[in-house]
Amino acid sequence: MTKEKVNGATEEEQQAQSKKALKKQQKEAEKAAKKAEKQAKLAAEQQSSDEDDFAKDRYGLSAMVQSQQKLDRALVRVQDLTAEKVDQLIWLRARVHTSRAKGKQCFLVLRQQQFNVQALVAVGDRASKQMVKFAANSLVLAIVERLEFV
């Protein structure tokens, strides 16, 4: 009689475990479905944003120079930035010290040795929303095209 109780108890435990396992499988399937849906949504967003990005040739990761070509650029040092350079097109090579995105703009603090300068990338006719997002997320060498004092 004790063997029957033990066997009966194990059958009930197996059924309970199988119910738990079934619920667990359902939850995992729901998670996988949500994850696949999210990935599909992100892929669709990225594809549509790539089509709308009019400034894609103005930013991105560039190849290493390795002295293969000589570019005709006059780089301005951060310490040499003065009010005389307002509204001039300049090339500045600096490291991104900090970046902070807020809405449709991104504030960058660019560093060159011990000198810092603050830059602003804002959505407009020259900068797309994707460019602002890239500036906010990247901590690579930055080239700023235009310096405007406010």
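## Ground rules

Contact here means heavy atoms within 4.5 Å. This is a predicted model, in which local features need pLDDT of at least 70 and side-chain atom pairs count only at pLDDT 80 or more, while totals for chains, interfaces and linings use all residues. Residues are numbered from 1 along each chain as its sequence is written, and side-chain values use heavy atoms, with hydrogens and water left out.

## The chain as a whole

Let's start with the overall layout. The protein chain has two helices and four strands, and their order along the sequence is α-β-β-β-α-β. Both kinds of element are DSSP runs numbered from the N terminus (helices: H or I, at least four residues; strands: E, at least two).

Of the 150 residues, 17% are buried; that word means under 20% relative accessible area, with exposed being over 50% and partly exposed in between (1.4 Å probe, protein chains only). The accessible surface of the chain is about 12,800 Å², and carbon and sulfur atoms hold 50% of that. These areas come from the Shrake-Rupley method with a 1.4 Å probe; for residues, only the protein chains shown count as cover. Among contacts with a separation of 6 or more, 54% join residues 24 or more positions apart.

## The nonpolar core

A nonpolar core is a set of buried Ala, Val, Leu, Ile, Met, Phe, Trp, Tyr and Cys residues joined through side-chain atoms within 4.5 Å. The largest one here has 18 residues, and Val78, Leu81, Leu108, Leu110, Val117 and Val121 touch the most other members. Two or more residues each come from E1, strand E2 (105-112), strand E3 (115-122) and helix H2 (129-137), with E1 giving the largest share, four residues. In soluble globular proteins, nonpolar side chains tend to be buried together.

Setting aside residues up to four places away in sequence, Val78 touches Leu92, Ala94, Gln112, Phe115, Asn116 and Val117.

Gln112 belongs to strand E2 and counts as buried at 17% relative accessibility. Beyond its neighbours within four places in sequence, Gln112 is in contact with Arg77, Val78 and Arg93. A polar atom of the Gln112 side chain lies 2.8 Å from the backbone oxygen of Arg93.

Now to the loop between helix H1 (2-52) and strand E1 (89-102), where Asp53 is found. Asp53 is buried, with a relative accessible area of 7%. Its side chain makes a polar contact with the side chain of Tyr59 at 2.4 Å and reaches the backbone nitrogen of Ala55 at 3.3 Å. A polar contact is a pair of N or O atoms within 3.5 Å; within protein, one must be able to donate a hydrogen and the other to accept it, and residues adjacent in sequence count only if both atoms are side-chain atoms. Leaving aside neighbours within four places in sequence, Asp53 is in contact with Tyr59, Ser128 and Gln130.

Rings of Phe, Tyr and Trp (its six-membered ring) pair if their centres lie within 6.5 Å; planes under 30 degrees apart count as stacked, over 60 as edge-to-face and the rest as tilted. By this rule there is one aromatic pair. The rings of Tyr59 and Phe134 have centres 5.4 Å apart and planes at 45°, so the pair is tilted. It links distant parts of the chain, with Tyr59 in the loop between H1 and E1 and Phe134 in helix H2, 75 residues apart. Tyr59 is partly exposed at 22% relative accessible area, and Phe134 is partly exposed at 28%.
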